[in-house]
Amino acid sequence: MKLKSLPRIELAQLPTPLQELPRLGQLLGGPKLLVKRDDQTGLALGGNKTRKLEFLIADALKKGADTVITTGAPQSNHCRQTAAAAAQVGMGCELVLGGNEPEVPNGNVLLDLFCGANLHWTTRERRNAKMDEVARQLLSLKHNPYIIPVGGSNGLGALGYVQAMIELNDQLSKGRIKVDTIVFATSSGGTQAGMVVGARISGFEGKILGISIDQRSSQEPSYQSELAAIANEAAKLIDSRYEFTEDDFTVNYDYLGLGYGVVGNLERESIRLTACTEGLLLDPVYSGRAMGGLIDLIKKGFFSLKDTVLYWHTGGAPALFAYARELTQIRH
Ligand SMILES: Cc1ncc(COP(=O)(O)O)c(C=O)c1O
């Protein structure tokens with residue numbers, strides 16, 4: 001397998017810890033709960049994008065790029081981590097943020113600015129067109145830009161999670177632990193696509209269940225077929241013989257609430273419960289929603305009491321501060 005020979009730079013603190021969540025598990029009275037701490041990957045407060053960026057930034061450097069361009073929502077963790085990675089290797093960073101510029105930069109936006117990124121505000125729909133525009137401008141000024149897609153979710157970025165599954169399997173076999181299901185937040189798809197490829201390669205036999213943050217079950221083409229396309233691209237890059245179809249991906253679409261980034265009771269409750277039982281911080285958009293889904297599934301008896309469920313923490317806590325009002329608002 002070609003994974004080891006592909007260009008990769010060291011940005012992450014690996015392996016990330018694998019820990020138990022005994023107090024949360026006991027309170028819920030369900031399966032045994034473990035957590036994989038990818039909120040502790042490092043790189044400007046950590047998160048799942050660090051692993052993807054190890055491959056993406058290495059590719060940008062190999063191609064002689066001097067500036068990276070990427071995009072996301074205003075509170076994008078991917079944008080914050082890309083800005084930090086660019087700063088670390090001495091590249092410029094242009095961030096195209098889809099949404100309204102906040103009056104006071106807070107959460108991830110504040111950190112984007114600290115890391116020296118230039119921010120371009122546009123609508124969600126115009127994000128890709130705006131990235132092309134910024135790239136053209138840079139080219140005309142004799143720069144060499146490198147565009148990273150939203151969430152770092154292409155085959156190359158997904159390799160970060162192929163690598164992560166190999167890392168997890170190693171931790172599990174050393175600890176003689178069997179995990180029945182991995183649960184985590186899925187959105188632009190690189191994380192889940194990489195995990196599924198990595199599971200096949202490393203022989204992980206448990207289920208991989210993504211909790212959709214913003215992708216709908218009714219969309220065309222289906223989210224699972226998008227995941228399969230990223231997985232096939234990743235498999236090809238490492239000369240793997242495996243091929244994937246949409247049936248290889250399990251996604252739960254029940255926890256979309258009122259939409260992307262809209263905080264509801266599900267997120268408020270899961271963030272509070274996880275913090276006050278385990279001192280573990282989730283975020284309002286991704287990891288809080290995924291944990292809310294997991295808690296609800298446990299309450300509904302979805303898992304056997306004999307199961308071991310691994311919650312893969314994908315980071316995002318810097319966004320907590322930008323959502324202080326929504327997170328503390330009175331519930332009805
Ligand atoms: C904290 C966090 N968790 C999960 C995700 C979802 O990962 P992916 O976009 O690879 O599906 C993201 C990124 O969008 C994120 O920022």
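These questions and answers go through how features of this predicted model get their labels.

Me: What makes Ala44 count as buried?
Reply: The cut-off for buried is 20 or more other C-beta atoms within 10 Å. Ala44 has 23 C-beta neighbours inside 10 Å, so Ala44 counts as buried. Ala44 sits in the loop between β2 (32-37) and α2. Its phi is near 50°, a positive value in a residue other than glycine.

Me: Why is Leu45 called partly exposed?
Reply: Buried needs 20 or more neighbours, exposed needs 12 or fewer, and partly exposed lies in between. Leu45 has 19 C-beta neighbours inside 10 Å, so Leu45 counts as partly exposed. Leu45 also lies in the loop between β2 and α2. Leu45 is not a glycine, but has a positive phi of about 80°.

Me: How do you know whether Tyr260 is buried, exposed or partly exposed?
Reply: Count the other C-beta atoms within 10 Å; the middle class lies between 12 and 20. Tyr260 has 15, so Tyr260 is partly exposed. Tyr260 is in the loop between β9 (250-252) and α9 (265-278). Leaving aside neighbours within four places in sequence, Tyr260 is in contact with Ile213 and Asp214.

Me: What makes α7 largely enclosed by the rest of the structure?
Reply: Ten of its 13 residues are buried, so α7 is largely enclosed. Among the buried residues are Gly190, Gln192, Met195 and Val197. The cover includes α2 (49-62), α6 (155-174), β7 (181-186), β8 (207-212) and α8 (223-237).

Me: How do you know that the reach of α7 is close to the expected one?
Reply: The expected span is 1.5 Å times one less than the number of residues. Helix α7 (residues 190-202) has 13 residues, and 18 Å is expected. From first C-alpha to last, α7 reaches 18 Å. Just after α7, Gly203 takes a positive phi of about 85°.

Me: Why are α6 and α8 called roughly perpendicular?
Reply: Angles of 65 to 115 degrees count as roughly perpendicular. α6 and α8 pack at about 80°, with their axes 8 Å apart. They are therefore roughly perpendicular to each other. The contact residues divide into eight nonpolar, one polar and two charged. Including Leu156, Leu159 and Val162, residues of α6 meet residues of α8 such as Ile230 and Leu237.

Me: What makes α9 and α10 roughly perpendicular?
Reply: The range for that label is 65 to 115 degrees. α9 and helix α10 (residues 287-299) pack at an angle of about 85°, with their axes 8 Å apart. They are therefore roughly perpendicular to each other. Among the residues making the contact are Leu266 and Ile271 of α9, and Met291 and Ile295 of α10. The contact residues divide into four nonpolar, four polar and three charged.

Me: How do you know which peptide bond at Pro15 is cis, and what is its omega?
Reply: The bond joining Leu14 and Pro15 is cis, with omega about 0°. Pro15 is in the segment before β1 (18-20). The bond from Glu220 to Pro221 is cis too, with omega near -5°. Pro221 is in the loop between β8 and α8.

Me: What makes up the contact between domain 1 and domain 2?
Reply: 32 residues of domain 1 are in contact with 29 residues of domain 2. α6 gives the most to the domain 1 side, with seven residues. By class, that side has 16 nonpolar, 14 polar and two charged residues.

Key:
Residues numbered from 1 in each chain as written. Predicted model: local features only at pLDDT ≥ 70, side-chain atom pairs only at ≥ 80, totals over all residues. Helix = DSSP H or I, 4+ residues; strand = E, 2+ residues; numbered from the N terminus. Contact = placed C-beta atoms within 7 Å. Axes fitted to C-alpha atoms, helices over the stretch in contact; angles between N-to-C directions. Parallel < 35°, antiparallel > 145°, perpendicular 65-115°, else oblique. Nonpolar A, V, L, I, M, F, W, Y, C, P; charged D, E, K, R; others polar.
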